[in-house]
Amino acid sequence: MINLSNITLGQFAKRNSRIHHLDPRTKFIASVYIMIMILTWDHLTTLCCGLIVIGILFRTAGLSLRLAWHNIASFFWLLLITFCLHAFITSGRVLVQIPLIRLTLTQEGVTTGLFYVLRIVLLILIANLLTLTTSPMAFTDGLERLLGPLKKIGIPAHEIAMIISISLRFIPILLEEVERIRRAQISRGARFSGHIIQRIRSVVPIIVPLFVSTFRRANDLALAMDSRCYRGGEFRTSYQSLKFGLWDWLTLSACFILLPLFYMG
Amino acid sequence: MQKSSRQLILIALMTGLTCTGGFLRIPFFPVPITLQTLFVYMSGLLLEPRQALISQSLYLILGLAGLPVFATGGGPAYVLSPTFGYLLGFPVAAWASAMMVKYRFAGPTGFKSVFSSLGLGMSIILGMGAAGLIVYTRFVAGKPVEPLHLFRAGVLFMLPGEICKIILASQIVRRLTPAINRSAS
């Protein structure tokens, strides 16, 4: 029913690289900026150059290119569908014609297909670079500080960061819980096969205990937080304070100066 | 016990549960049914409107930030995927269902009232999903497709599965209410 092995949540890979030591805010701003820039590039060659640069960034961060490849492979279907959609629908010089279903593969289609696939690959890799080099704690800290100014218009920045860190922590636990409940129900004779109505009904004995235990956990955690005097974001300090150093300024200015050059080229 | 920290944690856990929903699949031909929307409906029934909105929006943000919590992964590239409209519908649907429950247009447990509030949620998800498909075919793929075809593929095709999940949600809520009341006291 669920496959726990392919879940790479909290995929932070601890290394001792310059990119890992950057302030999470720098990485956020840089990745968002790079993603927006990628969406504006309209040449296949520019995207290829971008791919090489990202490859170098991966190596600088001490991450293997195989890891990048593995992450892209999980998007195989999205990429394949995108490619086929463009390759077969775009009109132009015919390369191959598939007789029975009257589909034609055109040269222009293949180029456009490759372009869109490459664009998605670049976006995936940038997001991966961010999550692989930023620990969940740094991630939420950075997010909280970035959302800070939005407090004035009523967006609860601290609460949002807190909720994100709690749910990040709990996703693996909840998944394990599902597996545990499923085994417990099987040992009591529950069946997860049969026709469709039976299969749908078989979810109830998993979901109900899941919710009950979730509510129990929520109570326990709330009690633990209250007994440690948690009172929200006001006057709260953190153990590791974020510092915006020289390398952060250098990275950001490099991003903002160099990327438009790509665009012109 | 302070009420606020428990509420905070509940929002977080509903976000977490929606993420796990993507991994819970009922094998079914041709596409397996995932239980994500079940948790969207559940958060609409169990949380306050604002909390439901926050929990589902954060689910979206986590997915877009690159955690593989959507049906086929995650990451900002999902904005360009054909099914992004459905995902955008999640927070709106959860909020709308919670509003229905809050203002007593529909009580939380009765079969009929659950149906009406979740029916609204479902129509929002499917409606926004279909709109997302139209936007995708027109602007991302650059090839407009007949709206009727999209309606058939994007709404009618999903309808049976969603109705099953609504029935499930109503059954689950009915069984859960005594347990929640016990744990809240």
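Reader: Which residues of helix α7 of chain A are buried?
Author: This is a predicted model, in which local features need pLDDT of at least 70, side-chain atom pairs count only at pLDDT 80 or more, and totals for chains, interfaces and linings use all residues. Residues are numbered from 1 along each chain as its sequence is written, and side-chain values use heavy atoms, with hydrogens and water left out. Buried means under 20% relative accessible area, exposed over 50% and partly exposed in between, with a 1.4 Å probe and protein chains only. In α7(A), the buried residues are A:F139, A:T140, A:D141, A:G142, A:L143 and A:L147.

Reader: Against which helices do the buried residues of α7(A) pack?
Author: Contact means heavy atoms within 4.5 Å. Helices are DSSP runs (H or I, at least four residues), as strands are (E, at least two), numbered from the N terminus. The partners in chain A are α2 (24–40), α6 (107–133) and α8 (157–187).

Reader: How are the rings of A:F244 and A:W249 arranged as a pair?
Author: Rings of Phe, Tyr and Trp (its six-membered ring) pair if their centres lie within 6.5 Å; planes under 30 degrees apart count as stacked, over 60 as edge-to-face and the rest as tilted. The structure holds six aromatic pairs over all chains. For A:F244 and A:W249, the centres are 4.8 Å apart and the planes at 75°, so the arrangement is edge-to-face.

Technical notes:
Chains are lettered from A and ligands numbered from 1 in the order in which they are written.
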